[in-house]
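Work through the exercises below with the structure open beside the text. Each task is followed by a solution in steps.

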Amino acid sequence: MNPLRARFRALVAGLVVAAVSTVGTIREAAAEFLIGPGDEIKLSIMGLAASDVETVVGLDGTLDLVWLGRVHAADRTLDEVLQDVREMARGRIIKRYNQDGELGLIQLTDDDVFLEILEYRPVVVSGDVADPGEVVFRPGLTARRAMALAGGARSSLLSDVQMTDPVQIVRWQNEYARVALDHAVSLVRLWRIGAELDDNPEAPPPSQEQVAISADVLGDLIREQTRIMEVKRQNEEGDRAFLAEGLEKAQARLAILQQQREKQLELLASDEEEEERTRDLLEKGLAPATRLADIRRTTVLSGTRLLEIEQLLADAELDVTRLQRELNEYEEDRLAALLTDRETTYSEVLDTRLQMDLYAQNLSGTAGGLGELGMASDLHVSVLALRRSKGEDSRVELDLDSELQPGDTLIVKLEQPRGHSAGLN
């Protein structure tokens, strides 16, 4: 190994040890996090900053490391992904110019390749907080800290209400009906997207028990989404058939050109053999010179035709590759769009369900006014985390000091302790 390179590695190793001694606890916790779509990751090659790559985990769970290729990262730890990346990079030859402009070649080893997470996917804080939305995730982030960054616990329905009166009750009833319809629309749409992802149009739709609207309205929503699913399916089948037909024709043309090439090669070889035999006869005085000239012209024509076929063959191969890529990209784009729609719609379902619960809590109460609720300090704060790991969704009840994971969605709810009124009038 180059002595200068060895000393550089030793220096980097020393710096890493010093850094670990300072932030060891945080790094140990971060190492256990499972990577997911939206995490931003950096690939570093020691001493070769020009080869560094900063990329984001895609919806399909992969990292595009550009010159190194793609690697699956979702639902894996950073160390697990690093092992695959080092295996991909092992033995690669990298060019590097020194200060004198001289070119040097470096063969990569495991010690040259590093991965680090630049930015985790954010935590979403919703429910009874002053400023719901995304919160930047850092290792060690607790539910209490995330709530503080979202402005603290505060009921979104109670913030502007000073007293309970019939007008307010009617307003809550109207808002509940509106949110209930929005929730049902999102839930039925989520069903349709799931059926498309699973390619299962017979998947059971939401039942009456899952919504707070009439059976007639629910039936209309289901029929509407069913029509949308059928129209999309027909359009997608038409698009696939068009691309597949073009690919099939290009492959057939490629096969014909390959056959023509083989025949032309045989013909050229035959012409060259004939030319060689005629040359021997000419040297022996057994054939006229004009005969050799004629055969030579035939050989040249055969070679020219072979070059033309070779060019057509190359064009046909490019057409096949392009059409195959278009077909693959069509499926990838379709899947990515569905996954994005599912994530967005799932958030809408959760948000509208939370709003329904809050309005229902107000409408079902028996106490007099807001004064009986006391200050926020008299209320109990419950925190529920919606967490997705290894393709599975889970609901986790958290304490305020529980540490969060990247991508968590927190639902904060203010509840009265026992002995207080159950809701608002």
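This is a predicted model: local features need pLDDT of at least 70, side-chain atom pairs count only at pLDDT 80 or more; totals for chains, interfaces and linings use all residues.

**Exercise 1. Classify the ring pair of Phe33 and Tyr120, and state where its two members lie.**

Step 1. The structure holds 3 aromatic pairs. Phe33 and Tyr120 form one with a centre-to-centre distance of 5.8 Å and an angle of 85 degrees between the planes.

Step 2. Centres within 6.5 Å make a pair, and planes over 60 degrees apart count as edge-to-face. The Phe33 and Tyr120 pair is therefore edge-to-face.

Step 3. Phe33 belongs to the loop between α1 (3-31) and β1 (40-45), and Tyr120 to the loop between β7 (113-119) and β8 (123-127). The pair links distant parts of the chain, 87 residues apart.

Step 4. Phe33 has a relative accessible area of 11% and is buried. Tyr120 is also buried, with a relative accessible area of 11%.

**Exercise 2. Which class does the pair of Phe33 and Phe137 belong to, and which residues form one aromatic cluster?**

Step 1. The ring centres of Phe33 and Phe137 are 5.3 Å apart and the planes stand at 75 degrees, so this pair is edge-to-face.

Step 2. Phe137 lies in the loop between β9 (133-135) and α3 (143-149), while Phe33 is in the loop between α1 and β1, so the pair ties together parts that are 104 residues apart in sequence.

Step 3. Phe137 is buried, with a relative accessible area of 0%.

Step 4. Phe33, Tyr120 and Phe137 form one aromatic cluster.

**Exercise 3. Describe helix α2 by its span and its buried residues.**

Step 1. Helix α2 covers residues 78-89, which is 12 residues. From its first C-alpha to its last α2 reaches 16 Å, close to the 16 Å expected at 1.5 Å a residue.

Step 2. The buried residues in α2 are Leu78, Val81, Leu82, Val85, Arg86 and Ala89.

Step 3. Viewed down the axis of α2, these buried residues fall within an arc of 140 degrees, so they line one face of the helix.

Step 4. The charged end of Arg86 sits over the ring of Phe114, at 5.8 Å from its centre.

Step 5. Just after α2, Gly91 takes a positive phi of about 90 degrees.

**Exercise 4. Is Leu268 buried or exposed, and which residues is Leu268 in contact with beyond its neighbours within four places in sequence?**

Step 1. Leu268 is placed in helix α5 (residues 215-283).

Step 2. The relative accessibility of Leu268 is 13%; buried means under 20%, so Leu268 counts as buried.

Step 3. Leaving aside neighbours within four places in sequence, Leu268 contacts Thr299, Ser302, Gly303 and Leu306.

Notes:
Residues are numbered from 1 along each chain as its sequence is written. Side-chain values use heavy atoms; hydrogens and water are left out. Rings of Phe, Tyr and Trp (its six-membered ring) pair if their centres lie within 6.5 Å; planes under 30 degrees apart count as stacked, over 60 as edge-to-face and the rest as tilted. Helices (H or I, at least four residues) and strands (E, at least two) are DSSP runs, numbered from the N terminus. Buried means under 20% relative accessible area, exposed over 50%, partly exposed in between (1.4 Å probe, protein chains only). A charge sits over a ring if NZ of Lys or CZ of Arg is within 6 Å of the ring centre and within 35 degrees of the ring normal. The expected span of a helix is 1.5 Å times one less than its number of residues. The arc is that of the directions from the helix axis to the C-beta atoms. Contact means heavy atoms within 4.5 Å.
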